[in-house]
Structure formats: structure tokens, C-alpha cells
Amino acid sequence: MSFWRQAGLNYIQYSAISAKLTRRALKPALRVEALKREAVNAKPTMWKDGKAVAAQKA
Amino acid sequence: MALTRSALRLFSGRFAQACQVRGYADGSSMSLTFAAPSHVLYNNISVKQVDVPSFSGSFGILPAHVPTLAVLKPGVVTVFENDGSTKKFFVSSGTVTINEDSTVQLLAEEAVPVDTLDISAAKELLAQSQSQLASASTDVAKAEAEISIEVSEALIKACE
């Protein structure tokens, strides 16, 4: 079994790390465009008892 | 007698129908669809061969390859086009599907031409990953650092 699966990671997480590094290994001009792809547009906020608990960092 | 009867059966009925319907898998061409979420590299383009790096080993796909599902490892995909030219792409991860009709779908999370990679950036990533491993405390952090090392090494290898 792969070392990362033994540590509790799944292929999706493996793929995300791999893609992140690939983008950083691009030539500077292309890297800018690629890094835009990493922007996450979702901001999670935890709710409890009908109220938003202190806003989480995105 | 029994032999000819069974031979005849091979060429009639369902098998013959399957042969007629097969169409595409005539062993001479295969259709490649190779894409990443951000862009499409090949969309049902006929190619001669595709070499892919997978977790079950690197292998070359030729027309009439056995139907296969495999998961990609960070590495170089080489496409041998019909006009004789060869194109290399670095893929971070993804899946490859080879169908019965010889169509191949290569879906990568990141796929970039190898000449767009920067070897000094890749070497820097390796150094960073190694220090990340040295300072990792939990199993998860160690695994993530080891993944980073593996990917960085594949990137450096692709640049050479």
C-alpha cells in the first residue's frame, strides 16, 4: 500500500499536492496564469445553534 | 467434425455481429482525448501511440490495447502523432481509460508541455520538500512532504 494511503491520505489529496507543485515548477510567465487556477472561491463558515461561529479563515 | 462445427459457430451469430459493430478497433488507429480541467490538449485526435506513467508502471498504449483503467503518477506523457512527431507533457496526476473501441481518455489534474517547466524552480521545490520532511511532526505532514519530494523528483527528471 502506498505510504500516503497508510498515513491516511487519499488520491484526491495526493493529486492536489502534485498539481500544486507542478504549477510552481512552470516558467515564471506561465506560473502567474496557473496560480490563478488555485484560487478557492469558497469560504467555509461553521454554524452552531443558528448562529455563525467566528468566521473561519478561507 | 466437432471442430468444424465450433469453428462455424465462431463466425456466425453474436460473434459476427460483434465483429461488424466493432468498426473502430481495426488495430490501425486510436482516438485520444487528453485534457486537464483548465484546457484540452487533444480532443478525439487519432494518434499512433501514447506512453503514460501510471501507478502500475509506465506503459505504452497502441491501437487495440486491452481495455484498462489506470491512475496516473507524476511523470511524462509522450504522444506519438500520426505525422511522426512526438509531443511530451508533464502530468501531475489523473486517470487513463482505454476502451474496447480503442478510444483513450487521459484526464489529468495538471498537464503542461515539458518545455514550459523550469528546472531551477523544480530543484528549488525539491529542496523545499526535503526541509519540509525534516520539520514534519505528524504522519500526515510526513506523507505530504514525501509526496512533494516524489513530485519534485519527477519534475526534475522531466526537465532533463
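1. A quick term before the contents: a salt bridge here is a side-chain nitrogen of Lys or Arg within 4 Å of a carboxyl oxygen of Asp or Glu. By that rule there are 3 salt bridges between chain B and chain A. One of them links the side chains of B:Glu110 and A:Arg23, at 2.5 Å from N to O.

2. Some ground rules. This is a predicted model, in which local features need pLDDT of at least 70 and side-chain atom pairs count only at pLDDT 80 or more, while totals for chains, interfaces and linings use all residues. Residues are numbered from 1 along each chain as its sequence is written, chains are lettered from A and ligands numbered from 1 in the order in which they are written, and side-chain values use heavy atoms, with hydrogens and water left out.

3. On confidence, pLDDT is the predictor's own score for each residue, from 0 to 100. Chain A has a mean pLDDT of 87, with 91% of its residues at 70 or more. Where pLDDT is low, the predicted coordinates should not be read in detail.

4. Now the layout of chain B. Helices (H or I, at least four residues) and strands (E, at least two) are DSSP runs, numbered from the N terminus. Chain B comes to 4 helices and 9 strands, and from the N terminus on the order is α-α-β-β-β-β-β-β-β-β-β-α-α. Of the 160 residues of chain B, 41% count as buried, where buried means under 20% relative accessible area, exposed over 50%, and partly exposed in between (1.4 Å probe, protein chains only). Contact means heavy atoms within 4.5 Å; among contacts in chain B between residues at least 6 apart in sequence, 50% join residues at least 24 apart.

5. Strand S1 (residues 30-35) of chain B deserves a look. What makes S1(B) largely enclosed by the rest of the structure? The reason is that 6 of the 6 residues of S1(B) are buried. In a regular strand the side chains alternate between the two faces of the sheet. Here both faces of S1(B) are covered: B:Met30, B:Leu32 and B:Phe34 are buried on one side, and B:Ser31, B:Thr33 and B:Ala35 on the other.

6. As for the neighbours of S1(B), two strands pair if DSSP finds at least two bridges between them. S1(B) pairs in the antiparallel sense with S2(B) (residues 40-54) over 5 bridges, and a hairpin through 4 residues joins the two strands. B:Phe34 has B:Tyr42 of S2(B) as its bridge partner. S1(B) also runs parallel to S8(B) (residues 103-108), joined to that strand by 5 bridges. In that pairing B:Ser31 is partnered with B:Thr103, and B:Thr33 stands opposite B:Gln105.

7. S8(B) has a further pairing, with strand S7 (residues 94-98) of chain B, in the antiparallel sense and over 5 bridges. B:Gly94 stands opposite B:Ala108 of S8(B). The hairpin of S7(B) and S8(B) has 4 residues between the strands, and there B:Ser102 takes a positive phi near 70 degrees. B:Ser102 is a residue other than glycine, and is buried at 3% relative accessible area.

8. Chain A has a positive phi to check too. A:Asp49, again a residue other than glycine, has phi near 50 degrees and lies in the loop between strand S1 (47-48) and S2 of chain A. Is A:Asp49 buried or exposed? At 72% relative accessibility, A:Asp49 counts as exposed.

9. Back to the interface. In all, 30 residues of chain B are in contact with 22 residues of chain A. The two chains bury about 2300 Å² between them, 66% of it on carbon and sulfur atoms; buried area is the accessible area (1.4 Å probe) that two parts lose on being put together, summed over both.

10. B:Asp118 sits in the loop between strand S9 (111-113) and helix H3 (119-134) of chain B, and counts as buried at 17% relative accessibility. Leaving aside residues up to four places away in sequence, B:Asp118 touches A:Ala25, A:Leu26, A:Lys27, A:Pro28, A:Arg31 and B:Cys159.

11. Last, the annotation. An unreviewed UniProt entry gives "domain: F1F0-ATP synthase delta subunit C-terminal" for residues 117-158 of chain B; such annotations may be inferred rather than shown by experiment. In the model that span is 86% helix and 0% strand, and its end C-alpha atoms lie 8 Å apart.
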